[in-house]
Amino acid sequence: LAEALNNIGIFKESENNFGEALAFYLEALKISTVMGDKIEKVDNMINVGNMHRMLKNVSLAIKWHTDAETLARELGYLEGLKVLYDDFSKDYQAIGKFETALNYQLQFKQLSDSLFNDENTYEINDLTEKWQNDRQEKDLIKQQEVLLQAQEDLQLKEKRIWVIGSGAVLLMLFLGYVLYANSRLKRANLVIATLKEQLERGKKL
């Protein structure tokens, strides 16, 4: 019965009815658990995890796959582990952790009978490229942040220089005005003194 429910789940999954597929996989899991069929239970848990990933619940997908991996290791179920590593790779790729996805894909490749399968090699190369691109993009963002900070520091420095320069010019203008005013005042005092002297002479005459 568990296998029949699992097959219905596979059919629903092929129609992209992931919610319905999940329900059938969970029912199959209940039965395999009651029956004590641990190999079938691992397969059901893998399928449940995959449906959570398809429904965008990647954290739940990873949890289900981690539990399935623990059981598969206890059983020495290598075929289940092989499938799990491929599914782990898809889980982490879905959330942009390409390095982790690549590591799981490499483990899948080691357990896979088709060690030199072109499709596996292509997927590894694709994940490697995505991981490298992601790392380069992060490095580029850091470089842009450094350049932006340097540009802001330069602009701030230029503003300070402008303020200091403007203050120096204003100070020079003020000093020039003071000297000019002082010169005018001395000339005015000299004229006044001359006029007084002339008036005094006129009185004596």
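Trainee: Are H1 and H2 roughly parallel or roughly antiparallel to each other?

Mentor: First, the basis. This is a predicted model, in which local features need pLDDT of at least 70 and side-chain atom pairs count only at pLDDT 80 or more, while totals for chains, interfaces and linings use all residues. Residues are numbered from 1 along each chain as its sequence is written, and side-chain values use heavy atoms, with hydrogens and water left out.

H1 and H2 are roughly antiparallel to each other. The axes of H1 and helix H2 (residues 18–35) cross at roughly 165° and come within 8 Å. Helices here are DSSP runs (H or I, at least four residues), numbered from the N terminus. Axes are lines fitted to C-alpha atoms, for helices over the stretch in contact, and angles run from 0 to 180 degrees between N-to-C directions. Angles over 145 degrees count as roughly antiparallel, and those under 35 as roughly parallel. The crossing of H1 and H2 is left-handed, meaning that the near helix is turned anticlockwise from the far one by less than a right angle.

Contact means heavy atoms within 4.5 Å. On the H1 side, the residues that meet H2 include Leu 5, Ile 8, Ile 10 and Lys 12; on the H2 side they include Phe 18, Glu 20, Phe 24 and Ile 31. By class, this contact of H1 with H2 has 10 nonpolar, three polar and four charged residues. Ala, Val, Leu, Ile, Met, Phe, Trp, Tyr, Cys and Pro count as nonpolar, Asp, Glu, Lys and Arg as charged, and the others, Gly among them, as polar.

Lys 12 and Glu 20 also form a salt bridge, with their closest N and O atoms 3.1 Å apart. The term requires a side-chain nitrogen of Lys or Arg within 4 Å of a carboxyl oxygen of Asp or Glu. Glu 20 is partly exposed at 40% relative accessibility; buried means under 20% relative accessible area, exposed over 50%, and partly exposed in between (1.4 Å probe, protein chains only). The whole structure has seven salt bridges.

H1 (residues 2–14) also packs with helix H3 (residues 38–54), at an angle of about 25° and with the axes 11 Å apart. That makes H1 roughly parallel to H3. H1 passes H3 in a left-handed crossing. Ala 2, Glu 3, Asn 6 and Glu 13 of H1 make the contact with Glu 40, Asn 44, Asn 47 and Met 51 of H3. By class, two nonpolar, three polar and three charged residues take part in the contact of H1 with H3.

Terms used. Helices (H or I, at least four residues) and strands (E, at least two) are DSSP runs, numbered from the N terminus. Angles under 35 degrees count as roughly parallel, over 145 as roughly antiparallel, 65 to 115 as roughly perpendicular and the rest as oblique.
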